[in-house]
Amino acid sequence: METGQIAEKMPTARMLDVLVVDDERSILGVAREIIGEYGHRVWVAGNGADALLHLESEKADLIITDIMMPGMDGIELCRRIRAMQPSMPLAIMTGYSNRELLRQAEDLGILECLRKPFKACDMMAVVNRVAQQPSL
Ligand SMILES: [Mg+2]
């Protein structure tokens with residue numbers, strides 16, 4: 001049976017709306033390609049303000065944001081999202097290991113951190129962990 005085969009391939013995963021935020025366009029392109037390939041819907045924003053604007057009109061199941069961005073940094077963005085949607089799964093990406101920023105992320109309950117440069121499988125591991133959680 002065809003449906004049986006599909007169910008076997010993806011026993012628990014669900015399709016997610018993933019918002020990726022980064023001031024580097026190349027990262028947005030890579031994320032769109034990697035995550036989109038697995039059938040998830042990928043939205044991108046080049047800064048925190050655009051990300052917040054996006055969330056006013058669209059739902060998201062996971063937000064992956066860069067930390068170092070001009071204007072609003074990723075930690076401030078996460079703080080604002082937490083205030084509006086406390087249970088939103090959040091993940092951060094960073095090329096720096098700034099202990100203070102990482103501590104602030106931990107304080108916000110952000111457990112997922114992608115170190116740049118990351119591999120496709122690292123990014124998908126984050127997406128899959130969220131996809132396998134029951135829908136809220
Ligand atoms: Mg950046």
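I take helices (H or I, at least four residues) and strands (E, at least two) as DSSP runs, numbered from the N terminus. The expected span of a helix is 1.5 Å times one less than its number of residues.

This is a predicted model, so I keep local features to pLDDT of at least 70 and side-chain atom pairs to pLDDT 80 or more, while totals for chains, interfaces and linings use all residues. Residues are numbered from 1 along each chain as its sequence is written.

**Helix α2.** I checked the length of α2 (residues 25–36): its 12 residues should span 16 Å at 1.5 Å a residue, and the end C-alpha atoms are 16 Å apart, which agrees.

Which residues of α2 are buried (20 or more other C-beta atoms within 10 Å of the residue's own, C-beta atoms being placed from the backbone; exposed is 12 or fewer, partly exposed in between)? I found Ile27, Ala31, Ile34 and Ile35. They cover an arc (from the directions from the helix axis to the C-beta atoms) of only 85°, which puts them on the same side of α2. Arg25, Ser26, Glu33 and Gly36 are exposed on the other side.

**What covers it.** I looked for contacts (C-beta atoms, placed from the backbone, within 7 Å). The cover over the buried residues of α2 includes β1 (17–21), β2 (41–45), β3 (62–66) and α6 (120–131).

**Strands.** β1 and β2 run parallel, joined by 5 bridges.

Methods. Two residues are in contact if their C-beta atoms, placed from the backbone, lie within 7 Å. Two strands pair if DSSP finds at least two bridges between them.
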